[in-house]
Amino acid sequence: MGELTAIGFRPGQSVLHRLDPRTKQMLLMGLSVASMWGNLTFLTLFTVVMMFCVSAAGLRIRRLILEIRYFLFFLCFVFGVRAIAFTGGWTPTLRADAAGEALIVCWRLLLVVIMGLLLMSTTRTADIRAALVWYLKPIPVVDEKMAATMVGLVVRFLPVILFQGAEIADAQRARGIERRRNPLIRLMRFTVPLFRRVFLSADELAAAMQARCYSEQRTLPELSFAWRDGLAIGVGILLSSTVLLP
Amino acid sequence: MSIIETSHLYHRFADGTQGLDDVTLTFNEGEFTVVAGANGSGKTTLLRHINGLLFSESGTVTVCGKSVKADPFAARKQVGMVFQDADSQIVGETVYDDVAFGPENLSLERQQINQRVNQALAAVDLSGFENKMPHHLSGGEKRRLAIAGVLAMAPRVLMMDEPFSNLDYPATCRVLSTIIDLHKNGHTIIITTHDLEKVIAHAQRLVVMAKGRIVKDGMPAEVIGGIERYGIRSPCSVQLGRGIRPWVN
């Protein structure tokens, strides 16, 4: 199960660890939006900054690639769809102009994902949740504390659900589920017990939270902006402004 | 001095099964009680009533003189409950976050929360684990983390539902010694189990349940004779005629 959550919070004292989670979320949102219009200059500079951040956060590039391997396959698919055309029947041809554009799109997506992983690996989920409460507070229709608790629980329980799924799959393989040719039956045999276990766990979790006096009026982690947050936002603005360069 | 009282408690589940049937019990402060019974005898249902997670159709439960039905929040502050499945009880992403969950719900100041977290982790010998992810811990460590999560709320009573299930020998010993230490430090302990072997030598009272009823209640040495008829295995030392002996030294 550890493999599923290798990119979780890793304690540390790097610059990224010490930034306020609100700053990190702001940079994530701002730079993600900026990257939609990002040209080659922006993307090159952004990549350099990201490489510095990955190194500062103590993440190993090899491990990072391993963690996002499925996403990399997805990017290859996106590249293929955008760059390869079928002209004159069933023969695929790579168009140079479309390939350039596809490469830029994939590059942008990759940088945004790396930014997200950096946020997760350098910020406790409790802090991410507290920052989320701070951002959602001015929105009148949203119950910010409930929303933040839900986000926290999803982060906490996703690995558990995946683990339970893997366990059920193993148990079914041990009883020869592969001999069933009908994929629909295999899917049903897998999903029904998985959902039952997930719902039972959710029920038990709700009872456990109640037993520990869960209420929405909770003490949240203390957040405070420091000079380094101003500096990081300044760097983010400078970086974003390069989208205006030719 | 009594701290928990149940009086003529009844509970029927949605499928018609009688979970509790006229349960009247008193737990005294500082007492170490084992509630034993076969699967489905009503042990967990009883704990859930005391913790205000279930409410009775008839009968009353009071904690420190206050009705649990009227103020479940107050009951939960006084009575901490450790669930059988530690995985479903642990809600934090790190050990610190999980232990801090209870005190945060009590809206304590951050400094006080940190103090309570440190004390609770020290009490279960998990100091230094603050930044570890709970699902990377061993079964025994998870169980002790679940106990720490409850201890951080500073309850007067600790209720544990099958605290030794799925634990290996060393982990069982660690959890057991943690429980014994907590009792020595003045906590009231209530443990439910179907396996008396590990814990009975340390208990001052044994309550036996069957089909939702209290069938025996008293000092362990007096109650343990013929306990097999309720689906509970007698400790080996009792079967060998040596009386109740501690499972660990």
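**Fold of chains A and B and the contact between them**

In the predicted model, 67% of the contacts in chain B between residues at least 6 apart in sequence join residues at least 24 apart. The corresponding value for chain A is 77%, again for residues 24 or more positions apart among contacts with a separation of 6 or more.

The secondary structure of chain B consists of nine helices and 10 strands. Its radius of gyration is 18 Å, close to the 18 Å given by the globule rule for 249 residues, so chain B is as compact as a globular protein of that length. The C-alpha trace of chain B extends over about 50 × 45 × 35 Å along its principal axes. Of the 249 residues in this chain, 51% count as buried.

Chain A contains 10 helices and two strands. Along the principal axes, the C-alpha atoms of chain A fill a box of roughly 60 × 60 × 40 Å. Of its 246 residues, 19% count as buried.

One pair of helices in chain B was examined in detail. Two packed helices are described by the angle between their axes and the distance between the axes. Helix α4 of chain B covers residues 95–105 and helix α5 of chain B covers residues 110–123; their axes come within 9 Å and cross at roughly 125°. An angle of this kind lies in neither the perpendicular range of 65 to 115 degrees nor the antiparallel range over 145, and α4(B) and α5(B) are therefore oblique to each other. The crossing of α4(B) and α5(B) is right-handed. On the α4(B) side the residues involved are Y96(B), V99(B), A100(B), P103(B) and E104(B), and they meet I113(B), R116(B), V117(B), A120(B) and L121(B) of α5(B). By class, the residues of this contact comprise eight nonpolar, no polar and two charged.

The two chains also touch each other. In this interface, 29 residues of chain A are in contact with 30 residues of chain B. On the side of chain A that touches chain B, at least two residues each come from α7 (125–136), α8 (144–174) and α9 (183–211). Of the elements of chain A, α9(A) gives the most to this side, with eight residues. The side of chain A that touches chain B is made up of 14 nonpolar, nine polar and six charged residues.

Methods. Residues numbered from 1 in each chain as written. Chains lettered and ligands numbered in written order. Predicted model: local features only at pLDDT ≥ 70, side-chain atom pairs only at ≥ 80, totals over all residues. Helix = DSSP H or I, 4+ residues; strand = E, 2+ residues; numbered from the N terminus. Rg over C-alpha atoms; globule rule 2.2 N^0.38 Å. Buried ≥ 20, exposed ≤ 12 C-beta atoms within 10 Å, placed from the backbone. Contact = placed C-beta atoms within 7 Å. Nonpolar A, V, L, I, M, F, W, Y, C, P; charged D, E, K, R; others polar. Axes fitted to C-alpha atoms, helices over the stretch in contact; angles between N-to-C directions. Parallel < 35°, antiparallel > 145°, perpendicular 65-115°, else oblique. Left-handed = near helix turned anticlockwise from the far one by under 90°.
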